[in-house]
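Trainee: Could you show me how to read the features of a protein model, one after another?

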Amino acid sequence: MTGGRRVAITGIGAITALGHDLASLWAGVSHGVSGIRPIANIPTERLIVTHAAEVAGFDPAAHFETRRLPMLDRTSQLALVAAREAMAAITVDRMEPSRAGVVLGAAIGQETFDSSYKALYGENAKRLHPMTVPRIMPNAPASHVSMEFGLRGPCFSTASACASATHAIGLAFHMIRAGMMDMAVTGGSDASIVVGFMKAWDALRVLSPDVCRPFSRDRTGLVIGEGAAILVLEEWRHARARGATIHAELTGFGMSADAGELTAPNASGAARAMRAALDDAGMAPKEVDYVNAHGTGTRLNDKTEVDALGQVFGGHLDRMPVSSTKSMVGHCLNAGGAVELAVTALALHHGILPPTIGFRERDPECLVDCVPNEARNEPIRVAMSNSFAFGGLNAVLLLRRAA
Amino acid sequence: MCNQNGSFDTDPRVAQILAILAKEAAVDRTMLQPGATIEELGVDSLDLTMAVFQLETVLDITIPTISERAGTEFGTVGELVQHVIAAMDKAERARAAGGKAEPHKEPAAEIPGATE
């Protein structure tokens with residue numbers, strides 16, 4: 001029961017390893033550029049894996065006043081920079097502020113955590129900065145976005161690890177469709193490239209030492225990325241009435257839990273989320289023209305995801321391209337689903353499929369057309385974006401070209 | 001050294017405290033009179049917390065929390081100054097007694113970009 005309300009994407013902003021705005025993200029992914037480099041922002045002597053997709057050359061002082069900076073972990077800084085870009089064309093004071101909300105993927109302030117505990121345990125500091133708690137809290141990015149733009153409707157953060165941003169966008173979409181708000185700023189941010197957390201990833205033994213090659217037979221694992229992507233969702237008629245640019249239409253959202261293993265992916269759980277998204281949109285599998293995969297580049301994820309795609313799409317998978325943006329921007333964890341949805345929306349808009357780079361050899365265990373190494377011109381109408389998280393939490397979004 | 005109440009006009013430590021407070025809370029130094037309330041100075045709880053942190057760091061003291069008034073500990077500038085002076089006196093006594101004196105050279109847990 002949707003009351004006929006449709007949901008448009010009317011603003012997008014991004015800051016990633018490929019640059020500090022959406023244009024540089026799109027320029028990078030549509031030209032197959034890798035943002036994965038040797039880590040430069042933190043000491044790496046104690047790390048096994050020393051490559052990541054870092055946001056380079058980011059100067060917080062260029063974006064925030066001196067007095068505000070102590071309140072902002074890097075996670076919130078990245079969220080605000082992307083939100084400003086997404087909101088650039090939107091005048092909030094022309095709408096009822098309580099009808100506009102914020103739903104972001106939950107992301108703790110890792111830089112603050114890491115530096116504070118290093119000071120406390122490593123350097124025997126007597127006291128911690130009073131902003132330590134509000135900088136670390138996982139709702140901080142959402143709160144800062146609501147404060148900066150005066151959005152007074154529902155505001156919260158969703159926690160589902162690598163699916164957090166996708167759950168956030170899906171919930172914002174459903175809440176607008178259900179009439180609970182007319183506009184939402186949604187997406188996610190993540191800045192987890194700190195020594196303690198990277199060391200913890202080392203211990204999981206899933207990181208690639210250098211390159212992320214999803215779907216390639218010689219793939220070696222995932223690469224951690226950082227960044228933010230923020231989308232403005234708006235009720236369709238509301239967007240049309242103010243003459244907004246509509247980048248794409250959100251048509252479906254599906255969720256599921258594997259209720260299986262903590263870290264191993266599960267094909268039937270992933271397939272259930274994809275089917276739920278199709279059902280939500282009232283679409284048949286054969287209507288989908290392109291899938292932006294979760295595609296982490298680990299042996300198990302890619303094989304399982306292709307299994308799941310086979311369960312849902314059957315023979316249609318032979319004709320449907322499936323690519324992984326993570327090969328270029330890394331795995332942006334809590335922000336991953338947002339960065340990838342932004343790319344998927346632009347793929348629809350431009351009729352260009354972003355490639356999976358680093359691909360060298362077909363893997364008989366995951367035979368898909370992964371748009372290897374070079375972008376492809378292909379006018380597409382409907383696209384799916386997948387996120388499958390640790391903890392067995394799956395979230396899938398469906399987009400349609402604006403029309 | 002100084003009387004416990006920290007005579008506002010003569011104790012040099014008061015000037016140091018007020019200078020820190022003025023800077024951290026972005027309040028004109030001349031407004032910081034003993035009877036001025038924190039509220040009427042327009043200092044919000046966040047700024048006050050930052051100022052207290054800065055006082056602790058710069059003066060190398062621990063300002064004890066007044067638990068029963070947590071969040072609204074200091075009504076006036078005078079109360080705050082008195083509290084800080086008491087903490088400084090206590091730290092001084094501890095140092096004079098030796099043994100338990102707190103080491104002087106310790107890094108405060110700074111967050112990147114947290115101070116100017």
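The conversation below goes from the model itself to its chains, its domains and a sheet.

Mentor: This is a predicted model, in which local features need pLDDT of at least 70 and side-chain atom pairs count only at pLDDT 80 or more, while totals for chains, interfaces and linings use all residues. Residues are numbered from 1 along each chain as its sequence is written, and chains are lettered from A and ligands numbered from 1 in the order in which they are written.

Trainee: How many helices and strands are there in chain A?

Mentor: Helices (H or I, at least four residues) and strands (E, at least two) are DSSP runs, numbered from the N terminus. Chain A has twelve helices and 14 strands, whereas chain B has three helices and zero strands.

Trainee: What percentage of the residues in chain A is buried?

Mentor: A residue is called buried if 20 or more other C-beta atoms, placed from the backbone, lie within 10 Å of its own, exposed if 12 or fewer do, and partly exposed in between. In chain A, buried residues are 58% of the 403 residues, and in chain B they are 27% of the 116 residues.

Trainee: Which domains does the assignment give for chain A?

Mentor: Domain bounds come from an automatic or database domain assignment, which here gives domain 1 (7-241) and domain 2 (251-401) of chain A. Their C-alpha centres lie 21 Å apart. Two residues are in contact if their C-beta atoms, placed from the backbone, lie within 7 Å, and the contact between these domains takes 62 residues from domain 1 of chain A and 57 residues from domain 2 of chain A. On the domain 1 side, the largest share, eight residues, comes from α6(A).

Trainee: In what order do the strands of the open sheet in chain A run?

Mentor: Two strands pair if DSSP finds at least two bridges between them. Ten strands of chain A form the open sheet, in the order β5-β4-β6-β7-β1-β8-β14-β13-β9-β10, with mixed pairing. Because β5 (155-158) and β10 (322-323) of chain A each have a single partner strand, they stand at the edges, and one side of each is left without a neighbour in the sheet. Strands β9 (residues 290-292) and β10 of chain A pair in the parallel sense over two bridges, and Asn292(A) has Ser323(A) in β10(A) as its bridge partner.

Trainee: Which strands does helix α2 of chain A lie across?

Mentor: Axes are lines fitted to C-alpha atoms, for helices over the stretch in contact, and angles run from 0 to 180 degrees between N-to-C directions. Helix α2 (residues 74-87) of chain A lies across β1, β4 (100-105), β6 and β7 of chain A, and runs at about 40° to β7(A).
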